[in-house]
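Hello,

Here is the structure I promised to pass on to you. Have a look at it first, and then read on for what I found.

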Amino acid sequence: MTGEGVEPGTPEPGSFAVDGRDGRVGRVVGRSGPLVRLRPPGGGPEWECPPEALRAATPGVVLRARVTEINREGQLPR
């Protein structure tokens with residue numbers, strides 16, 4: 001989890017993380033000042049989370065999130 005401009009321990013953009021405050025799972029979009037921005041799998045409004053409240057998503061959580069995204073991508077327009 002290192003990269004240019006990313007603090008140690010901060011998830012990389014594009015990875016999944018869990019907001020420890022309420023258990024929501026999101027894909028890391030980037031940073032907004034000191035906060036990390038997350039987007040829920042399958043769409044929805046982004047939210048911000050302090051980096052110290054984030055924890056890495058387990059493989060099972062990542063799999064469920066990816067399935068949600070893939071299912072959403074496969075839906076026909078309404």
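Which residue takes a positive phi in the hairpin of β1 and β2? It is G23, with a phi near 85°, and the hairpin has five residues between its strands. Please keep in mind that this is a predicted model.

First, the overall layout. The protein chain has one helix and five strands, and from the N terminus on the elements run β-β-β-β-β-α. Of the 78 residues in the protein chain, 29% are buried. Among the contacts with a separation of 6 or more, 36% are between residues 24 or more positions apart. The protein chain exposes about 5,100 Å², and carbon and sulfur atoms supply 55% of that area.

β1 has pairings with β2 and with β5:

- With β2 (residues 25–32), β1 runs antiparallel, and three bridges join the two strands. Here V18 has V25 as its bridge partner.
- With β5 (residues 54–56), β1 also pairs in the antiparallel sense, over three bridges. On this side D19 stands opposite L54.

Why does D19 count as buried? Its relative accessibility is 0%, and the cut-off for buried is under 20%. Leaving aside residues up to four places away in sequence, D19 touches R24, W47, C49, A53 and L54. D19 and E52 are 33 residues apart in sequence, while their C-alpha atoms are 9.4 Å apart in space.

The largest nonpolar core is made of eight residues, namely A17, V28, V36, L38, W47, C49, A53 and L54. Both β3 (35–39) and β4 (47–49) supply at least two residues each to this core. There is also a second, separate core of five residues, which includes F16, V18, A57 and V61. As for the surroundings of A17, its contacts beyond four places in sequence are P11, R24, V25, G26, V28, L38, L54, R55 and A57.

Finally, the helix. How far apart are the end C-alpha atoms of α1? They are 21 Å apart, which agrees with the 21 Å that the 15 residues of this helix (residues 59–73) should span at 1.5 Å a residue. V61, A65 and E69 are buried in α1. Viewed down the helix axis, the buried residues of α1 fall within an arc of 70°, so they line one face of the helix. What covers these buried residues includes β1 and β2. The face turned away from the buried side carries P59, L63 and R64, which are exposed.

I hope you enjoy looking through it.

Best wishes

Note on methods. Residues numbered from 1 in each chain as written. Predicted model: local features only at pLDDT ≥ 70, side-chain atom pairs only at ≥ 80, totals over all residues. Heavy atoms only, no water. Pairing = 2+ DSSP bridges. Helix = DSSP H or I, 4+ residues; strand = E, 2+ residues; numbered from the N terminus. Expected span 1.5 Å × (residues − 1). Buried < 20%, exposed > 50% of the residue type's maximum accessible area, 1.4 Å probe, protein only. Arc of directions from axis to C-beta. Contact = heavy atoms within 4.5 Å. Areas by Shrake-Rupley, 256 points an atom, 1.4 Å probe, with all protein chains shown as cover. Core = buried A, V, L, I, M, F, W, Y, C linked by side-chain atoms within 4.5 Å.
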